[in-house]
Amino acid sequence: MTNHITFNSVRSVFKNIPFEGLLIFFVTYLTLGYYSFYGLDTYHEGTVFKPSLDVYNGRKIFLETFSHYGALSTYFNAWGMFLLGPYLSSVRLTIVFAYSISFFILFSLFKLYFGRTIAYMLVILGICSIPFVFVCGSNLFLSWSSIYCLPFQSYSLYLIFTLNRKNGFRNSFFIGICTGILFHIKQPVGATLLLALFCANCFYFFQRLLFSFKKGRWNGFVFQSFVFAGFIVINAVMLLLFYSQGNLSSYWEQNIVYALTGAASVQGSFGILLQNLFPGFSHAILFFSVFLAALLLIQNRVLLFFFLSGLFLISNYFFVGLDHLFPLFICGSLLIFLLKMNAVVKPLGAYKYLIFLAFITASWSQFHPNPTPYHRSWSVFPALCVVIIFLKQLTVKSFHLKMALLLLLILSVIYKLEQVVALPVKSFVHVNGGILNGLYVETHTYQSLLNAEAAMKKATLAGGYDENPPVINATNNPYISLLTFNPFNYDPTNFFWLGLPFKLYVNSKSDLTDLLVIRPVIITQTIIGQPFHISMEEKIKKLGFYMASKADIEFSFTPTRELKFWVLTKNSNRNKVNH
């Protein structure tokens with residue numbers, strides 16, 4: 001009897017272990033982890049890595065180092081470096097962990113509501129949608145704050161799907177917690193989700209007030225109040241942390257004021273907004289219409305198979321992918337909700353369907369203002385199930401739905417395999433040592449780094465410095481700050497970015513005589529059409545700096561083609577300053 005009870009207890013434990021979800025986690029981690037060692041984008045990854053390395057070295061975020069997005073993404077990167085070492089590969093492997101957790105959560109959700117087959121299809125489709133091998137561009141794997149949003153977006157979606165009367169308060173509170181965390185990872189993601197949920201609940205309230213007086217109906221404002229409560233709790237914790245570190249005002253300036261200023265400067269016209277939200281609209285709407293017509297009108301399975309195969313092949317030729325069709329699925333889902341209103345929307349009720357629409361609409365907002373393949377991917381895959389839910393509302397037959405999804409999946413896998421096969425064609429150099437230890441960097445990027453390091457050594461000797469002199473990076477590429485291992489920031493930003501209060505700005509009123517005491521190597525850049533760099537150089541020349549060396553470079557996503565390294569002359573007035 002005891003043995004029987006023990007066997008049943010062990011079996012029940014193993015039954016509760018999500019083996020399939022863990023399989024998805026490890027397959028995702030191994031696949032993306034392998035390709036995370038390829039490529040380098042000095043501009044974007046420098047923006048991410050520099051403040052993370054500063055925090056790893058003990059600097060206070062915002063006060064002593066600049067972080068454009070929320071503090072949590074920088075902390076996550078720093079924690080990864082504490083575990084794996086101060087290398088860019090450590091940040092990338094931490095990013096891969098975020099991807100893997102996201103797919104684990106999404107698979108569990110998709111399996112629960114759509115079945116095992118569709119769950120596997122959606123997850124594989126999601127993995128293929130990630131541009132971890134992007135041969136068309138010069139960089140491959142990209143570390144960015146948006147990726148840390150994905151686990152919390154995925155968990156929020158899980159909470160929305162499992163929302164009911166018994167767990168409503170708890171789920172809504174944790175949705176608010178996730179929204180607050182999202183805000184401190186990347187402000188636009190958390191802010192748009194909170195706003196979308198609020199608008200959805202206001203709509204539900206007034207629709208219920210005007211058209212329905214049934215008792216016992218879930219109160220949207222009660223849901224929203226718990227969402228706000230969770231959001232406030234996280235913000236209170238983060239603000240107390242910033243206050244205790246003495247960097248609350250710096251946080252406000254960098255993450256709120258500058259973020260709003262930057263957002264206002266890139267809004268553009270309404271036409272640009274539509275182009276960003278609906279990339280490739282003319283081709284996308286055509287393929288979307290033909291796709292829906294085929295699913296609804298063609299009843300013969302063989303004929304439908306060949307028709308959809310041809311359609312997807314043609315769409316692949318015109319570069320119309322799921323990310324281009326995603327906005328149309330959202331708009332179609334919104335239209336269905338407005339037409340059905342209070343009807344039960346399987347597998348969700350009317351209210352949960354409305355909250356789901358708010359979620360996917362908030363995720364869609366990441367298309368603007370940079371609808372790159374990366375941003376479109378990060379927007380789409382937390383809400384991949386919108387495809388299934390939309391087609392279910394049109395009463396598409398289950399077999400036809402799975403056929404369409406399978407064909408889309410096959411073509412996505414083929415397209416991804418084409419990129420993987422083409423990867424060895426690119427020329428890479430394996431880096432040993434330094435912050436790029438273990439990475440495979442494109443040859444031209446690696447040569448540019450060697451040029452910059454050689455010019456840095458020459459400037460170090462010319463200035464009579466130690467091995468690692470203090471460096472002021474006056475270029476617009478934050479990675480340039482990492483040419484030395486000296487943990488020094490003359491300015492929290494420590495790179496030249498329009499709109500930031502950098503001390504070396506032409507219109508800056510800062511007293512720069514402290515440069516005569518610090519005696520740094522100042523690095524400037526040559527960019528055609530940007531005369532403020534010339535004015536900046538004139539500014540430091542007056543202090544006694546001269547150009548000791550320069551380096552030709554070719555980095556991704558930056559127009560910089562030449563770096564200049566400035567040091568103090570021997571006859572400068574630094575000797576007049578009391579050391």
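**Entry 1: cysteine 178**

I started at cysteine 178, which sits in helix 8 (residues 168–183). Helices here are DSSP runs of H or I with at least four residues, strands are runs of E with at least two, and both are numbered from the N terminus. The model is predicted, so I noted that local features need pLDDT of at least 70, side-chain atom pairs count only at pLDDT 80 or more, and totals for chains, interfaces and linings use all residues. Residues are numbered from 1 along each chain as its sequence is written, and side-chain values use heavy atoms, with hydrogens and water left out.

Is cysteine 178 buried or exposed? Cysteine 178 counts as buried because its relative accessibility is 3%. Buried means under 20% relative accessible area, exposed means over 50%, and partly exposed lies in between (1.4 Å probe, protein chains only).

Next I looked up what cysteine 178 touches, leaving out residues up to four places away in sequence. I found Phe152, Tyr155 and Ser156. Contact means heavy atoms within 4.5 Å. Tyrosine 155 is 23 residues away along the chain, and its C-alpha atom is 7.8 Å from that of cysteine 178.

**Entry 2: helix 5 and helix 7**

I then took helix 5 (residues 88–114) and helix 7 (residues 145–161). Their axes come within 8 Å and cross at roughly 15°. Axes are lines fitted to C-alpha atoms, for helices over the stretch in contact, and angles run from 0 to 180 degrees between N-to-C directions. I therefore logged helix 5 and helix 7 as roughly parallel to each other. The cut-offs are under 35 degrees for roughly parallel, over 145 for roughly antiparallel, 65 to 115 for roughly perpendicular, and oblique for the rest.

Which residues make up the contact of helix 5 with helix 7? They divide into 19 nonpolar, 3 polar and no charged. Nonpolar covers Ala, Val, Leu, Ile, Met, Phe, Trp, Tyr, Cys and Pro; charged covers Asp, Glu, Lys and Arg; the others, Gly among them, are polar.

I moved to an open sheet of 4 strands, with order 3-4-6-5 and mixed pairing. Two strands pair if DSSP finds at least two bridges between them. Strand 3 (471–473) and strand 5 (545–552) stand at the edges with a single partner strand each, so one side of each has no neighbour in the sheet. Neighbouring strands are turned by 25° against each other on average, direction ignored.

I checked the pairs of strand 4 (residues 521–525). With strand 3, strand 4 pairs in the parallel sense over 3 bridges. Valine 471 stands opposite valine 521, and asparagine 473 has isoleucine 523 as its bridge partner. With strand 6, strand 4 pairs in the antiparallel sense over 4 bridges. There, threonine 524 has lysine 564 as its bridge partner.

How many residues of strand 4 are buried? I counted 5 of its 5. In a regular strand the side chains alternate between the two faces of the sheet. In strand 4, Val521, Ile523 and Gln525 point one way, and Ile522 and Thr524 point the other way.

**Entry 3: positive phi**

Last, I looked up phi. Phenylalanine 62 has phi near 75°, a positive value in a residue other than glycine. Phenylalanine 62 lies in the loop between helix 3 (42–56) and helix 4 (71–84). With a relative accessible area of 1%, phenylalanine 62 is buried. Arginine 519 also has a positive phi, near 55°. Arginine 519 is in the loop between helix 21 (515–518) and strand 4.
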